[in-house]
Amino acid sequence: MYKGKFITIEGSEGAGKSTNIRYIQDYLREKKIDFISTREPGGTPIAEKIRDLLLDKAHSSLCHDAELLLMFAARAQHLNELIIPALEAGQWVLSDRFTDASYAYQGGGRGLSWEKIAQLEQFVQGDLRPDATILLDIPVELGMQRVRNRGEADRFEQEQLSFFNRIRAAYLKLAEDNPQRFHIVDTRPEIDEVRQQIIAIMDRLTCND
Ligand code: TMP
């Protein structure tokens, strides 16, 4: 057990991760909690190079197994170089996506077996799991509308609606299976209401310290 908490933020495309991550960062700063903010795939120079490979639209022939393995290769580097040392130093770690995204995208979206993903999870992480996961949930059509307004799409964002429907269903299933760890935030309401939902979750996460 570490002193700092490991918090991950998940959601399908257009769920509002950037804005809500800012709210969480503001909250932690206000509470004077020492934290680092990072993302997956990526978070270290080597893992960011793997991210570039994964998101490059030119790599349309990347096979599903290679995609999964690259996600976990980036994760191994990220854990080793950044996440574990930060937790050991007593910092909180806030990660924009983590292994639940592999279950949702490579499992739900690509149709790879959850067993295969669970094996990699155990191999790369051992017993390390996030203390809390905030799932930003939005109906797929609405999320995709927001993504379209944002400009150029990466290799994942170019996928069809059915792909994102499977991802959302997988995330909701993960939340149902792990009710202690998951906190679902409905990001359809006005931004201020969403912020209140985030603050309520953060209050709960910080109060049992
Ligand atoms: P981002 O757009 O949230 O920065 O994430 C990059 C993309 O990578 C996003 O489309 C989700 C995808 N992804 C996976 O497919 N599997 C994973 O394990 C992770 C961490 C991300």
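Q: Is E121 buried or exposed?
A: This is a predicted model, in which local features need pLDDT of at least 70, side-chain atom pairs count only at pLDDT 80 or more, and totals for chains, interfaces and linings use all residues. Residues are numbered from 1 along each chain as its sequence is written, and side-chain values use heavy atoms, leaving out hydrogens and water. A residue counts as buried under 20% relative accessible area, as exposed over 50%, and as partly exposed in between, with a 1.4 Å probe and protein chains only. Because its relative accessible area is 12%, E121 is buried.

Q: Which residues does E121 touch, not counting those up to four places away in sequence?
A: E121 has its place in helix α5, residues 114–125. Helices (H or I, at least four residues) and strands (E, at least two) are DSSP runs, numbered from the N terminus. A contact requires heavy atoms within 4.5 Å. With residues up to four places away left out, E121 touches F72, T99, Y103, G126 and R129.

Q: How far is an oxygen atom of the ligand from an N or O atom in the side chain of K17?
A: The ligand is surrounded by 15 residues, and K17 is among the closest; a residue is near a molecule if one of its heavy atoms lies within 4 Å of it. A polar contact is a pair of N or O atoms within 3.5 Å. For R51 the distance from a polar side-chain atom to a ligand oxygen is 2.7 Å, and for an N or O atom in the side chain of S102 it is 2.6 Å. For K17 the distance is 2.5 Å.

Q: Which element gives the most residues to the shell around the ligand?
A: The elements giving two or more residues to this shell are α2 (45–55), α3 (64–88) and α4 (99–109). With 4 residues, the element that gives the most is α4.

Q: Which residue is joined to E40 by a cis peptide bond?
A: Most peptide bonds are trans. Here omega is about -15° and the bond is cis.

Q: What is the phi of R97, which is not a glycine?
A: Most residues other than glycine have a negative phi. R97 stands in the loop between β3 (92–96) and α4, and it counts as buried because its relative accessibility is 11%. Its phi is positive, at about 80°.

Conventions: Polar contact = N/O pair within 3.5 Å; in protein donor to acceptor, adjacent residues only side chain to side chain.
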